[in-house]
Amino acid sequence: MSTAVKTPQQLHTEFDVYRIREDFPVLAQQVHGKPLVYLDNAATTQKPLAVIDAISHYYRCDNSNIHRGVHALSERATEAYENARGAAQGFINAADRKEIIFLRGTTEAINLVAQTYGREHVGAGDEVLITAMEHHSNIVPWQILCKQKGAKLRVAPINDRGELVLEEFEKLLGPKTKLVAVSHLSNALGTINPIKQITRMAHERGIPVLVDGAQAAPRMPVDVQDLDCDFYAVSGHKMYAPTGIGFLYGKAALLEAMPPYQGGGDMIASVTFDKTVYNRLPYKFEAGTPNIADTIGLGAAIEYLNQLGLENIEPHEAELLAYATAEVQKIPGVEVVGTAREKAGVLSFVMGEIHPHDIGTILDSEGVAVRTGHHCAQPVMQRYGIPATVRASFGLYNTREEVDALVRGIRKVKEVMG
Ligand code: 7TS
């Protein structure tokens, strides 16, 4: 057997999307009499058998509470749960497993940072800096915090392509800025932000950076030590894992100094009515019985992604996005929203006066699932002066034939709607 190291090109050639599709039972169905073409992956991804089976196995064989039983089932459940933490640590290259806090997802992760780190460090007159391309999950928690503390939310602008204007961003970093919160990959525009540059600029001024990694984690290799971000938020369901589970990465020194988020079981070392000593990391932030089954499912999803390799998934999706962008732009009247030079996963577009909802409905009748609306990023829509877009978003199992089906569907929209 040859032990020669394969080049990325060789590996990518071996990425057999038709074989991979067999891992996802949900894809093999018809919708309205047409083969399902699932292009709503930015909303949530489908789950491979490895994940479905891991959850089923847990409930069939190991179901038990964790971190407390001395019996065999509890030990097995605890081991599987903690193995998932190790998998998550490896997935984003965190320095220590205690830096991984399991939560419901990105939304809860950002709210945790706002209400623990934020409540301690943001005061009256201080500022939190975000960008104009954020999902509501990375806007509203900061608005709530700013209202609580009499602080101000500042917003760095984007240009017409949907790219962050870095010079403006840098100008907004000042002595009052106490935190920067920015998405790695925009769910509405597909823009990839230069996180390393952003963290460097912020750190030069001693400002920590939270990264919303909801859309990036399933699409590109993430190395939090290389990015040098202070917090990184992830949703499992967008990376082929179940809903209701995700995680927050935080640098250990910051997490150690932060107050707990919720009080309850498992997050304590000792309790008396006079004084409670909190548990060590990561348990300090995991109050109550957690979502054990879905955490184990997340561990299985990470293992699955590791087997396929994000270094193979990334170019596969890049090819689909490039092909889809070229094909839809051939259709007169289609205008792509979000044309950043660094872009992945997401193709948002409008078609003149035709309402995106009508486009989505006609595409659905053709079996093509896309999302229409503001994508929980209303300020992005306001920036472009549009109420909504149609968004096709890609996953590792999508094919060029599915892009062709999307394009045929859009041509049908033109026929029907004029
Ligand atoms: N941040 C980004 C960039 C997102 O795309 C989403 C979800 C979230 C945060 C929130 O993630 P959650 O798992 O906590 O809900 N985005 C979308 C979307 O684009 N369509 O549906 C959900």
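**Close-up 1. Asp266 and its backbone angle.** Asp266 sits in the loop that runs between helix H10 (252-257) and strand S11 (268-271); helices (H or I, at least four residues) and strands (E, at least two) are DSSP runs, numbered from the N terminus. Although Asp266 is not a glycine, its phi is positive, about 75°. Please keep in mind that this is a predicted model, in which local features need pLDDT of at least 70 and side-chain atom pairs count only at pLDDT 80 or more, while totals for chains, interfaces and linings use all residues. Residues are numbered from 1 along each chain as its sequence is written, and side-chain values use heavy atoms, with hydrogens and water left out.

**Close-up 2. The cis peptide bond at Pro282.** Leu281 and Pro282 are joined by a cis peptide bond, with omega at about 0°. Pro282 belongs to the loop between strand S12 (276-278) and helix H11 (292-308).

Close-up 3. The protein chain splits into domain 1 (8-31 + 310-417) and domain 2 (51-307), with bounds from an automatic or database domain assignment. Their contact (heavy atoms within 4.5 Å) takes 36 residues from domain 1 and 30 residues from domain 2. The C-alpha centres of domain 1 and domain 2 are 28 Å apart. Together the two domains bury about 2700 Å², 55% of it on carbon and sulfur atoms; this is the accessible area (1.4 Å probe) that two parts lose on being put together, summed over both. Three salt bridges are counted between domain 1 and domain 2.

**Close-up 4. Two salt bridges.** A salt bridge here is a side-chain nitrogen of Lys or Arg within 4 Å of a carboxyl oxygen of Asp or Glu, and the structure holds 24 of them. Among them, Arg383 pairs with Asp160 at 2.8 Å, N to O. Glu127 and Arg154 also pair, at 3.1 Å, N to O. This second pair links distant parts of the chain, with Glu127 in strand S5 (residues 127-131) and Arg154 in strand S6 (residues 152-156), 27 residues apart.

**Close-up 5. The largest pocket.** Because both domain 1 (8-31 + 310-417) and domain 2 (51-307) give residues to its lining, the largest pocket lies between them. On a 1 Å grid over the protein atoms alone, a pocket is an open set of points where a 1.4 Å probe fits, with protein on both sides within 12 Å along at least five of seven lines; lining residues have an atom within 4 Å of a point. Of the 26 lining residues, Thr106, Thr107, His135, Ser235 and Lys238 lie nearest the centre of the largest pocket.
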